[in-house]
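Please look through the sequence and the structure shown here before reading the briefing.

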Amino acid sequence: MRTLRTALTPVLVLAVILLGGCGRVAGLLDRVSLFHPVWAADGWVYYLREVTSTSGSGVAEVWRQRPDGSAEEPVLTRAPEVSTCEAGLFSFLFAGPGGDLGVALECGWDETELLSYSPADKTFEPLASTRFLVDAALVNGADRGFVQAPRECGPGGIQLLADGKAYEFGSPVTVGGATFNLSGGDTDCESTVLARSPAALGDRLFFITAPDSLGRLPLPPEVSPDDLTWHLTEWDVGSATARFVTELPGIADLAVSPDGRSVIAAVSSDHVGGVWSVDVGTGKKTRIADGARAHDPSFSPDGKRFVYVEGFKRLRFAKAR
């Protein structure tokens, strides 16, 4: 009898689905993707949630979750209308000024609006209007910092953010005996390297870069960014000096701890995945979370824990070591 029941189970499940109608089938096939969690000062973790159905792509919404899993709810189901972006879409989230939430809107094909959203007041404040961006890291809770912008020389370039605009670095960076351009300009690709994942604290900028991409940009189709060697790099804004902290096992998203002593690197390369904690002073790295693909880490306000996205499917929480 047990064998017969086991054999009939798939049939019964299929029958229930069919009796429920096409809508139920479509709902079961929908894919939910999560992106860009930000552990805000109010104790909630905010993130983008997108439901993609079989009929086409979905539209991202801003949701939030308690770290203990006790509550989860939508916050913004549609992007706000601002004067320069009346039909924008949520692009990514970042840590905003004063512990609020930073929201990036994709406006058209080549424009990004950065806004600060106050969950308490449910109000938006404009921060910047720039060319298309994929990431942002503010400095000292202000509307200045660093952004990642794709350019013709490659998919990754770091630019300065000031006065509501993004600017290319005025001079090249020298690190590890190599001199290169971080901003990934539209000209002179021979002097540019791939650089991405800005994370900032005070006058210190952390990012990852691939020195072996120098002179090879834009990369030919047969060369993948996963084939390059990536380094965690620290740049001191005050002294305009840079150093390689350590080599990373693949392409990573970064988060710097509130005390500046460590950096979390969530690796999402084809070759390896997981989360590493890097001691900034010594360069020692310790694997603190397994996983095939890890993305978008964010520290808790006290620096004791962090959150990241596993495979764009679920939020994962862990202790920072």
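With a torsion of -105 degrees about the S-S bond, the link between Cys85 and Cys107 is left-handed, a disulfide being counted here as a pair of cysteine sulfur atoms within 2.5 Å. This is a predicted model, in which local features need pLDDT of at least 70 and side-chain atom pairs count only at pLDDT 80 or more, while totals for chains, interfaces and linings use all residues. Residues are numbered from 1 along each chain as its sequence is written, and side-chain values use heavy atoms, with hydrogens and water left out.

**Disulfides**

- A disulfide is a covalent bond between the sulfur atoms of two cysteines.
- By the distance rule, the count comes to two disulfides, and when the bonded cysteines of the chain are numbered in sequence order, the pairing is 1-2, 3-4.
- The sulfur atoms of Cys85 and Cys107 are 1.9 Å apart.
- This pair links distant parts of the chain, 22 residues apart, with Cys85 in the loop between strand E4 (72–76) and strand E5 (89–95) and Cys107 in the loop between strand E6 (101–106) and strand E7 (112–118); strands (E, at least two residues) and helices (H or I, at least four) are DSSP runs, numbered from the N terminus.
- Cys85 and Cys107 are both buried, where buried means under 20% relative accessible area, exposed over 50% and partly exposed in between, using a 1.4 Å probe and protein chains only.
- The other disulfide joins Cys153 to Cys189, with an S to S distance of 2.1 Å, and because the torsion about its S-S bond is about -85 degrees, this link is left-handed.
- Cys153 lies in the loop between strand E10 (145–148) and strand E11 (158–162) and Cys189 in the loop between strand E14 (178–180) and strand E15 (194–201), so the pair ties together parts that are 36 residues apart in sequence.
- Cys153 is buried because its relative accessible area is 1%, and Cys189, at 17% relative accessibility, also counts as buried.

- Most residues other than glycine have a negative phi, and most peptide bonds are trans.
- A cis peptide bond, with omega about -10 degrees, joins Leu217 and Pro218, and Pro218 is placed in the loop between strand E16 (204–210) and strand E17 (230–236).
- His36, in strand E1 (residues 31–39), has a positive phi near 50 degrees although it is not glycine, and at 18% relative accessibility it counts as buried.
- Asp296, in strand E23 (residues 294–299), likewise has a positive phi of about 50 degrees without being a glycine, and its relative accessible area of 14% makes it buried.

**Around Val307**

- Val307 lies in strand E24 (residues 305–310) and is buried, because its relative accessibility is 0%.
- Leaving aside neighbours within four places in sequence, the residues in contact with Val307 include Pro37, Trp39, Asp296 and Phe317, contact meaning heavy atoms within 4.5 Å.
- From C-alpha to C-alpha, Val307 and Asp296 are 8.2 Å apart in space, and they are 11 residues apart in sequence.

**Nonpolar cores**

- The largest nonpolar core has 24 residues, and those with the most contacts inside it are Phe206, Trp230, Leu232, Leu248, Leu254 and Val263; such a core is a set of buried Ala, Val, Leu, Ile, Met, Phe, Trp, Tyr and Cys residues joined through side-chain atoms within 4.5 Å.
- A second, separate core of 19 residues includes Leu76, Leu93, Cys107 and Tyr117.
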